[in-house]
Structure formats: C-alpha cells, structure tokens
Amino acid sequence: MRKYAKLAVQKGVNLQKGQAAVIQASVSEHEFAEMVAEEAYRAGAKWVRMEWTDQTVTRLHYRHQTLTELCKVADWTVEKMKFTAKELPCMIHIASADPDGMKGINPAKMQKAMIAQSKVFKPIRDQMESKYQWTIVAVPSPKWAKKVFPGERTSTAVEKLWGEILKAVRVTEDNDPVVEWSSHNQRLADKCEKLNALDLEYLHYQAPNGTDFTCWLIPGHRWVGGCETLKTTGVDFNPNMPSEEVFTSPLKGKCEGTLVATLPLSYQGVLIDSFSMDFKDGKAVAVHAGEHQELLERMITMDEGACMLGELALVPNNSPISNSGVLFYNTLFDENAACHVALGRGFNETLNGFANMTDEEIKAAGINDSMIHVDFMIGCKELNITGHTRDGRDVAIFTDGNWAI
C-alpha cells in the first residue's frame with residue numbers, strides 16, 4: 001500500500017515541490033488516503049486538502065432530498081471550485097465505490113440534479129482543462145470486493161481484490177513501480193507513434209457479436225497513451241492507473257453503425273449489462289438493453305453532446321487485465337481489458353497544436369463537448385479493426401482482438 005501511495009503521487013500526478021494537492025476518497029478508505037497525503041507532503045506539497053465522500057450518505061441524499069434541494073448549488077461550493085481553478089492543485093481520486101451502490105434510486109431525479117449542478121460547475125472545470133495534473137487510482141471496499149469475488153468471505157474478497165489491483169498497477173513486493181511505469185509509458189508511446197504515422201481517415205470495427213461500426217477521425221488528430229504532458233508547465237503525469245490503452249478523439253458527429261458492449265457498464269452506481277447502441281449521422285439514435293434501458297436513454301440525452309462520441313480507445317485482448325480473467329465491475333480497470341469508446345466529452349490533447357488553439361478553435365476542429373464522459377467496452381477476441389488512411393490505403397489495426405501493427 002505504501003508503494004502504491006508513493007506511485008500515485010510520484011508517477012500518477014507527478015507532484016512538483018511547492019504544489020498543492022487535493023485527495024478525494026471515501027471515508028471507508030481513509031487508511032490508504034492518509035498514506036497518499038503523507039507521500040504528497042514527502043514530495044514537497046505546500047498543502048493537502050482531503051475531500052471525503054460516502055456513497056451511503058450520497059444515496060440518502062438522493063432518496064430523501066427534494067429535487068429542488070438537490071438542484072441547488074451552495075455559494076461556498078462555487079467559491080471552493082473557483083479557488084481550485086485558480087490554485088490548480090494536483091487532484092488524486094481514489095475510487096472504491098460499490099458498483100451497485102445507487103441501484104433503486106430514481107434515475108430521472110439523479111439526472112436532473114446532475115444537469116443542474118453541471119451548469120454551474122462545468123464552466124469552471126473548462127477553465128482548468130489541460131492545466132493541472134490528476135490521476136485516478138483505486139482501492140477495494142468490502143462491497144466492491146464481494147461483487148468481484150461473490151463466493152469468498154468479505155475479508156478474503158478484499159485481500160484478493162487488493163492483489164489484483166496491485167498487479168494491474170505494476171506494484172510488487174520487490175520492484176520499483178515508478179521505473180516500471182516509465183518503461184510502460186514508453187511502450188504505449190511507441191504504439192502511438194506508429195498509429196500517428198498512418199494518418200488515418202476512419203476506422204471500421206467488425207465482430208461476430210453484431211458490432212459493425214465506422215467512425216471518422218479529425219484531420220490532424222493524434223493518438224496518445226500512458227502519460228500526458230501539461231501544455232502550461234511541461235510536467236508529465238499518468239491520469240489513469242492502470243492504463244493499457246492508446247486513444248484519440250474522433251470527428252464529432254461523423255460515425256455510423258452498431259456497437260455491442262462486451263463488458264458491464266457501471267453508470268451512476270447502477271450496473272448495466274448486455275446492451276448495444278445504434279449510431280446514425282454521428283449520433284447514438286437507439287439503445288437496446290435487457291435491463292436499465294431507460295437509464296441509458298437518459299444518459300445520451302443529458303446534453304447536446306452526450307449522444308456523440310468523445311473517445312476511441314484501443315486495448316489488445318492480450319493485455320494484463322484481460323488475461324487476469326477478473327471482471328472488476330469498475331470502468332477504470334475494465335476499460336483496460338478491452339477496446340472501448342466513450343460518449344460525451346472529447347480530449348483536447350488528441351488534437352495536434354491544441355496548446356496554441358482557443359477552446360472555440362478546438363471545438364470547431366471536431367472535438368465533442370459534453371458534461372458527461374462515459375466509457376463502455378466493445379473489445380473481444382474476435383474484433384477486427386481496419387484503418388483507412390487519407391492516401392487511400394486500408395491497414396489492419398486489430399486482427400482477432402489484438403494489435404496487427
């Protein structure tokens with residue numbers, strides 16, 4: 001745990017001496033969060049702020065507060081966000097939530113509250129875009145562990161999930177995970193370099209489960225993966241730990257076909273399994289699900305950009321998390337077991353020259369904008385992806401679920 005905490009600070013956010021840090025964690029995972037705070041101070045943080053959460057209390061809020069009350073945003077929370085946007089501390093998110101923790105809560109009530117709050121906070125978050133280091137790591141809570149290992153006693157399930165998490169983030173008893181991550185980042189960078197050299201115009205996805213999908217890419221797009229670099233300071237950081245993906249943001253509003261989910265999606269504390277989406281003229285126009293279809297339909301209507309894609313991510317079937325055979329029921333891990341896409345907000349850094357472009361120019365180039373960014377997994381061992389280059393060539397990108405380049 002100590003090595004993991006140090007990794008989150010030194011390689012996750014790469015905290016620089018004199019920077020501040022905000023740690024967001026559940027009260028139930030305070031032991032690890034306290035370790036992260038200590039490592040942040042050891043790395044030279046000028047201050048560390050803890051932001052505690054509790055999924056049970058959040059559930060109580062949604063169950064008992066009126067919609068009017070849930071939609072209110074207190075002045076002090078706005079001022080705190082404005083202070084954060086000005087200070088730009090490193091942000092360390094420690095995930096541990098129960099994947100089913102919000103099951104049974106009225107989805108319409110949740111959505112309306114989220115929309116109301118986002119209208120206030122999103123403009124402030126947009127000011128912070130690409131200007132601060134952040135990372136997401138995870139530790140097992142008892143309920144999450146029991147979901148992953150339902151046949152085990154709770155203590156055994158937690159211990160087993162700890163083992164799988166540490167393996168996924170390259171932490172062992174006898175290694176230096178900071179060095180391991182430097183090598184891993186380089187491998188992902190090499191793959192991005194090969195993809196960028198192709199100058200792809202669009203990708204075509206096909207699988208026997210029903211996936212048949214074509215998505216166009218932005219002229220001047222770039223593939224990124226592993227660590228990212230701040231345009232303002234040049235500091236590298238790893239936003240997701242683990243990460244096995246290389247990704248780009250597609251051209252807003254230009255894709256066609258059907259995508260079939262291959263792993264469950266945990267969205268707003270509800271687990272959604274066995275679903276697909278149909279796209280036409282760049283938008284998700286229909287969703288099909290055995291359960292919780294209404295929740296998916298509400299998701300793609302959150303705002304104008306929620307029905308369009310903001311990310312295409314490539315992850316080989318032959319990768320550590322996929323090979324573990326563990327279904328984590330957590331997007332941070334499961335998205336690194338399979339190719340995936342994301343509905344909603346795209347990434348500015350996937351556009352060449354973004355550092356010298358205004359927000360308006362970035363959006364005009366084709367980066368989607370939305371209050372949501374929701375990943376769902378479409379990769380499987382039979383998935384084939386063909387890339388069409390701008391000079392008219394067809395290139396195999398994935399064959400039978402793995403890299404072909």
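This is a predicted model: local features need pLDDT of at least 70, side-chain atom pairs count only at pLDDT 80 or more; totals for chains, interfaces and linings use all residues.
Q: How far apart are the end C-alpha atoms of α2, and what span should its 13 residues give?
A: Helix α2 has 13 residues, and at 1.5 Å a residue they should span 18 Å. The expected span counts one less than the number of residues, so the sum uses the steps between them. The end C-alpha atoms agree with that expectation, being apart by 18 Å.

Q: Which parts of the structure cover the buried residues of α2?
A: First, look at who needs covering: Phe32, Ala33, Met35, Val36, Ala37, Glu39 and Ala40 are buried in α2. Now look around these residues for their cover. It includes α1, β1 (20-26), β2 (47-53), β3 (90-95), β4 (134-138) and α8.

Q: Which glycine follows α2, and what is its phi?
A: Step past the end of helix α2 and you meet glycine 44. Its phi is positive, near 105°.

Q: Which residue forms a salt bridge with arginine 2, and how far apart are the closest N and O atoms?
A: Arginine 2 sits in helix α1 (residues 2-13), and its partner sits in helix α2 (residues 30-42), 36 residues apart, so the pair links distant parts of the chain. A salt bridge needs the two atoms within 4 Å. The partner that meets this is glutamate 38, with the closest N and O atoms 3.3 Å apart.

Q: Which residues are linked with Arg2 in a network of salt bridges?
A: The whole structure holds 19 salt bridges, and some of them join up into a network. Linked with Arg2 in this network are Glu38, Glu39 and Arg42.

Q: What separates glutamate 164 and lysine 167 along helix α8?
A: These two side chains meet in a salt bridge, at 3.6 Å from N to O. Glutamate 164 is buried at 16% relative accessible area, whereas lysine 167 is exposed at 53%. An α-helix has 3.6 residues a turn, so residues three or four places apart point the same way. Glutamate 164 and lysine 167 are three residues apart in α8 (residues 154-168), a separation of about one helical turn.

Q: Which residues touch the most other members of the largest nonpolar core?
A: This core has 51 residues, and α9 gives the most to it, with four residues. A second, separate core has 45 residues, including Ala40 and Val139. Back in the largest core, the residues that touch the most other members are Met277, Leu314 and Ile397.

Q: How far is the C-alpha atom of leucine 296 from that of isoleucine 272?
A: Leucine 296 lies in helix α10 (residues 293-299) and is buried, at 0% relative accessibility. Beyond residues up to four places away in sequence, leucine 296 touches several others, including Met277 and Ile272. Leucine 296 and isoleucine 272 are 24 residues apart along the chain, yet their C-alpha atoms are separated by 8.6 Å.

Q: Which residue in β6 is the bridge partner of tyrosine 202?
A: Strand β5 (residues 200-206) runs antiparallel to β19 (residues 384-389), joined by six bridges, and there tyrosine 202 stands opposite histidine 388. β5 also pairs with β6 (residues 212-217) in the antiparallel sense, over five bridges. In β6, the partner of tyrosine 202 is tryptophan 216.

Q: How many disulfides does a search of the whole structure find?
A: A disulfide needs two cysteine sulfur atoms within 2.5 Å. Cysteine 192 has its nearest cysteine sulfur, that of cysteine 227, 9.7 Å away. The sulfur of cysteine 339 is 8.8 Å from the closest one, in cysteine 380, which is too far for a bond. The number of disulfides found in the whole structure is zero.

Methods: Residues are numbered from 1 along each chain as its sequence is written. Side-chain values use heavy atoms; hydrogens and water are left out. Helices (H or I, at least four residues) and strands (E, at least two) are DSSP runs, numbered from the N terminus. Buried means under 20% relative accessible area, exposed over 50%, partly exposed in between (1.4 Å probe, protein chains only). A nonpolar core is a set of buried Ala, Val, Leu, Ile, Met, Phe, Trp, Tyr and Cys residues joined through side-chain atoms within 4.5 Å. Two strands pair if DSSP finds at least two bridges between them. Contact means heavy atoms within 4.5 Å.
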